[in-house]
Amino acid sequence: MAQRLNRWLRHVPVWLVWILAAIPLALLVWDTFQGNLGVEPVRDIEHRLGRTALYFLIATLSVTPLLRLTRINLVRFRQALGLICFSYAVLHLAAWVVFDMALLWAQMLKDVVKRPYLIFGMLAFLMLLSLAVTSNRFSIRRMRAGWKRLHRLIYPAAILASLHWIWALKLWERKPALILAAILLLLGLRFFWFLRLGARFRSVRPDPKPVTPQHAE
């Protein structure tokens, strides 16, 4: 079944992922103009954009575990998923800067320093920014092994982003707690596979030849 699905996925264009990813944004715009948001529309806009960014971040993190556990190959869509995640993160930050803070930069800086959850969010955004900027073939060729090390920042970025959400709510709700649990599970799987790979490497490494002592004549 996985092989059949993979054959079908090869014919799915990457631009279709972008179109489908625009649906949450289109629904948010529709709800905004129709007045379907809550009593705090700015807060709802920010939260919906931030949640969507987190959903696509988890989708990006799930590509490798899905391949290893089910043989379903979504690797060709991983870059698009990561860039979509960053796009929603940019919109989330822009909504806060424009609608909530009204471009008052000094006040923004004070709020970031005063509220730890904003620090978490800014750190996560900077990590995602570094990943988005280097998500191209030129960076892969130029950075070589350093590119993989840099893109491991997606894991601390995901943890910081989920903590940013939980702390902003100021209470433990079910949905953000499940998001954090999913991220920790994906991180745990990666750590388990890393340990397993290390153990396999040590098992196949040839033992050093024993040194025979030279006896004096």
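Me: What does the accessible surface of the protein come to, and what share of it belongs to carbon and sulfur atoms?
Reply: This is a predicted model, and the surface is computed from its atoms. The accessible surface of the protein comes to about 15000 Å². The share belonging to carbon and sulfur atoms is 66%.

Me: In which helix is confidence lowest?
Reply: The protein averages a pLDDT of 85, and 88% of the residues score at least 70. Where pLDDT is low, predicted coordinates should not be read in detail. By helix, the mean is highest in H2, at 96. The lowest mean, 75, belongs to H11.

Me: How many helices and how many strands are there in the protein?
Reply: From the N terminus on, the elements run α-α-α-α-α-α-α-α-α-α-α. The count is therefore zero strands and 11 helices.

Me: Leaving aside neighbours within four places in sequence, which residues is Leu 128 in contact with?
Reply: Beyond its sequence neighbours, the contacts of Leu 128 are Leu 57, Cys 85, Phe 86, Ala 89 and Ala 157.

Me: Is Tyr 88 buried or exposed?
Reply: Tyr 88 is found in helix H5. Its relative accessibility is 5%. The limit for a buried residue is under 20%, so Tyr 88 counts as buried.

Me: How far from a polar atom of the Tyr 88 side chain does the backbone nitrogen of Leu 25 lie?
Reply: Leaving aside neighbours within four places in sequence, Tyr 88 is in contact with residues including Ala 21, Pro 24, Leu 25, Leu 49 and Phe 56. Pro 24 and Tyr 88 are 64 residues apart in sequence, with their C-alpha atoms 9.9 Å apart. From the backbone nitrogen of Leu 25 to the polar side-chain atom of Tyr 88 is 3.2 Å.

Me: Which residue just after H3 takes a positive phi?
Reply: Helix H3 covers residues 23-34 and reaches 16 Å from its first C-alpha to its last, close to the 16 Å expected at 1.5 Å a residue. Just after H3, phi is about 70° at Gly 35.

Me: Is Arg 71 buried or exposed?
Reply: Arg 71 is in the loop between H4 and H5. Although Arg 71 is not a glycine, its phi is positive, at about 70°. Exposed means over 50% relative accessible area. At 58% relative accessibility, Arg 71 therefore counts as exposed.

Me: What is the relative accessibility of Ala 102?
Reply: Ala 102 is found in the loop between H5 and helix H6 (105-114). Its phi is near 55°, a positive value in a residue other than glycine. Ala 102 counts as partly exposed because its relative accessibility is 48%.

Technical notes: Residues numbered from 1 in each chain as written. Predicted model: local features only at pLDDT ≥ 70, side-chain atom pairs only at ≥ 80, totals over all residues. Heavy atoms only, no water. Contact = heavy atoms within 4.5 Å. pLDDT = per-residue confidence, 0-100. Helix = DSSP H or I, 4+ residues; strand = E, 2+ residues; numbered from the N terminus. Areas by Shrake-Rupley, 256 points an atom, 1.4 Å probe, with all protein chains shown as cover. Buried < 20%, exposed > 50% of the residue type's maximum accessible area, 1.4 Å probe, protein only. Polar contact = N/O pair within 3.5 Å; in protein donor to acceptor, adjacent residues only side chain to side chain. Expected span 1.5 Å × (residues − 1).
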